[in-house]
Structure formats: C-alpha cells, structure tokens
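Dear colleague,

I am passing on the structure we spoke about, with the sequence alongside. Could you look it over before reading my notes below?

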Amino acid sequence: MKKLTLLLITLLIISCKEDKPITTVSKPVPVIPKDVYEFGFNLNNFKVINDTIKSGENFSEILDRNHIDYPKVLEIVNKIRDSFNVRKIKSGIPYTILAKKDSTEKAEIFIYKHSKVRYTVVNFKDSVITAYKGKKPVTAELKTASGVITSNLSEAIESQGFSPYLTYKMADDIYAWTIDFSRLQKGDRFKLIYEQLYINDTVPVGIGEVKSALFEHGGKEFYAFKYVADTILKVPDYFDEKGTNLRRQFLKMPVKFSRISSRYNLRRRIAFYGNKIRPHLGTDFAAPIGTPIMATANGTVIESRRKGGNGNYVKIRHNGTYSTQYLHMSKRAVKVGQVVKQGDVIGYIGMTGNTSGPHVCYRFWKNGVQVDPLHQKLPAAEPMKEAIKPAYFKYIESLKNDLDAISYPKITEEINIPA
Ligand SMILES: [Zn+2]
C-alpha cells in the first residue's frame, strides 16, 4: 500500500513537471483547510456557530451565550438601530455567529438569515460596529420540463418531480387568460424552459423566470415567450409566436366591420309586446347574412345547438369567470368541447330564432350572470408595438427552436391483462 502511495506521489510529481527532488513521505501532512468564503468572510478564521432563533429568545440572550457582555450588547444595539432593529428578529429564522477561534470563543459577527439568499451582517469585531444587508450570489441554470395531462396539470408536473411553482406559473400567470385549466383534456401537453436558481452553484433556491412555454390544448398550440415589449415601464409580459400578448382582452366585437344595432338594456320596451319591459341582455351587432362570427377570447365551446328564440347559437367558456354566447347564426362552425382561440370563426351571421334582421346577439356572462361587456373592466393587455416586432421575432427564434426540440415524456397506458 505504502509503495503504491509513493508511486502515486511520484507520478503526480512527474506529471506536474516539477524539479523538486522526491522526498520520502514519513508523517502525514497537516491538512490545511481550504478557504471557505461566505457572507464575505473567510470562515476558516472563525469558530462558526449555526443556530436558529428560538421562540421568545432575544438578541441579547444570543450574544450573552456567545460571551458578549451586556454593556457591549447595548452598544451594538444602539449603533445599528437605524439599519437593523434587533427587536424584530423572529423565532425560526436561522443565524450564524462567527466567533473568535481562541479559547474565549467570543462572538464577533452575527448573521441573520432572512432567506436562503438574503441576510444581514452585524459586525462588532472591531471598535467600529456596523450592520448591513447582503445577498448570496444566485446563479441561474436553464432547465426544461414537459408533461402530458392524464388527470390534471399539477399531477402532470409534480409526478415528475418538478416544482409545484411551475403549475402556479402556468395556470395563474402565463396562461391564466389563454387556457381554461378546468377544461384540460386528456393528452393535452406542455413544454417549458425555465431558470433553476442556485446559491453557491449547488443549493437550489427556487425557480427564476419561465422563459418560454408551449401548451398544446385541444389540438391547438399556445406558445408563450417572456419579453419586455413595454419600453416605458419595462415590465415583461408573455407573447405568442405572432407577438400577441397572452394577457389578452376580449375582442371588442365578435364581427368585423359591423355596427351595434341594439345595446344591452335592462329597461328596453318593445312596441311589439305592448311597450312592456323586455330587458335586452345582449349586444346586437348587425352584419350581412354569412358574415363570419369570431370567438372574442380563447375558450372551450360548451354549447352549440339550435334552440327556440336563440336560434342557432354557440356558447364559449373562457375561464371560471367569463363565458360568451352568440345567437341567431345561420350556420354554426364549432362543436361542443372544441377549443377555440380568440378570433377563430365559430359561426356565421343569420336570422334564426327571434330576430327581425340579420345580426348576432352577443351575450356576455360573468359568474353566471349576463352583463354588459361594454361596461366591464376587463384585464388590460398592452399590444406589442409594430416597431418592436422585428426584434421580438429575432429574440424568440432560438427560444422556439429549443422549445420544439424538447420531447414529451412517454405516458404508459394502463393495460388490463385478462387473467
Ligand atoms: Zn340581442
């Protein structure tokens, strides 16, 4: 064994091409600790105490336990008052004390760790007492995720060990206005490119940005790319491959080139009915027969049929809050369960049901009640300026390629083998 060690050392020395003579190793070389820097200090110069603030414990008790007398504690507290209020330390928060390495083990530095990343240093090592905030360097590594829906989104994400934050990110942020997550279909699938954050390049501390995503829902592709198109506030938003903001508003009207022939009116009186109040719960858009009618927002078709006064109509559910309905069509172009995107043609202007002329009666449902869409405060979506689009398309080119290159996990179907 010893021979082997010597041989190895010889080899190492030879390989290092050093001219030093080979010396016999007789006693173990003392281990020189590698410098470990954290919070801006070389930890090797201190006795490091890691602990957590206990319930009811205060700053003075902690320092007292670490050999700082009361007058000194008082001096520290007063000096740092403006930058760190020691009365606000909370139980359960981890801290580190850097103490003298000698037999006194006297504390010199107190580090309060607000989070895995943020901390406050109270330095009373020398006569000048200081307190300042610090941040551990966070590095980001791009990661990919993909999944296929078999039951729901969180299951598809968490069963693969991905962070639940990605579920939140997709359902409540990126696609909140684009996809109705309560209507996901089996086989819908998604891909993501996101940042995994680390401190010290190794300790994961959460997810940074989701750079891009693709959700295939009901056979339609919904791309999302994070981009700062807003040159004033510099707030990033998600846009699709055409540069359309995913936080989209409803289209103002379901028909291009039309006019409102009758507004939503709860006190409408109609001569035909003897001037009795017949509330009009829709907004009528008049257009020639056969004019295409568009879905005003993304959603799922929940009704498509002919019924009484409504005639041929289609109803689309957009999310948990909003649905829209389109009446009197000459022809319907969508089926129940079909996913539609904003602007998709869902039918054509007609005169079916109770109507005196060709128009679409557009009904806007909010939480199950018909409201006037012209008086709704709908989420604002800032459209991308034309001038910005060329730079945007250039930016997403490689992102889209990377996204398209991600493969989907294989879903193993449960097969019942007859006994
Ligand atoms: Zn109407």
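Predicted model: local features only at pLDDT ≥ 70, side-chain atom pairs only at ≥ 80, totals over all residues.

Residues are numbered from 1 along each chain as its sequence is written. The chain averages a pLDDT (the predictor's confidence in each residue, from 0 to 100) of 87, and 90% of the residues score at least 70. Please be careful with residues 414–419, where pLDDT stays under 50 and the model has zero contacts beyond four places in sequence, a contact being two residues whose C-beta atoms, placed from the backbone, lie within 7 Å. Over residues 1–20 pLDDT also stays under 50, with six such contacts.

Five strands form an open, antiparallel sheet in the order 8-9-10-11-12; helices (H or I, at least four residues) and strands (E, at least two) are DSSP runs, numbered from the N terminus, and two strands pair if DSSP finds at least two bridges between them. Strand 8 (138–148) and strand 12 are the edges, and because each has a single partner strand, one side of each lacks a neighbour in the sheet. Strand 8 is joined to strand 9 by eleven bridges, and Thr 139 stands opposite Tyr 198 in strand 9.

Helix 5 lies across strands 8, 9, 10, 11 and 12, at about 50° to strand 10, where axes are lines fitted to C-alpha atoms, for helices over the stretch in contact, and angles run from 0 to 180 degrees between N-to-C directions. Helix 6 also packs on the sheet, touching strands 9, 10, 11 and 12.

The largest nonpolar core has 32 residues, and those with the most contacts inside it include Ile 174, Tyr 175 and Ala 224. Such a core is a set of buried Ala, Val, Leu, Ile, Met, Phe, Trp, Tyr and Cys residues joined through C-beta atoms within 7 Å; buried means that 20 or more other C-beta atoms lie within 10 Å of a residue's own, exposed that 12 or fewer do, and partly exposed in between, with C-beta atoms placed from the backbone. A second, separate core of 25 residues includes Tyr 313 and Phe 364.

In helix 3 (residues 70–80), the buried residues are Val 73, Ile 76 and Ile 80, and they pack against helix 2 (59–65), strand 6 (118–123) and strand 7 (130–135). On the other side of helix 3, Tyr 70, Pro 71, Leu 74 and Asn 78 are exposed.

With best wishes
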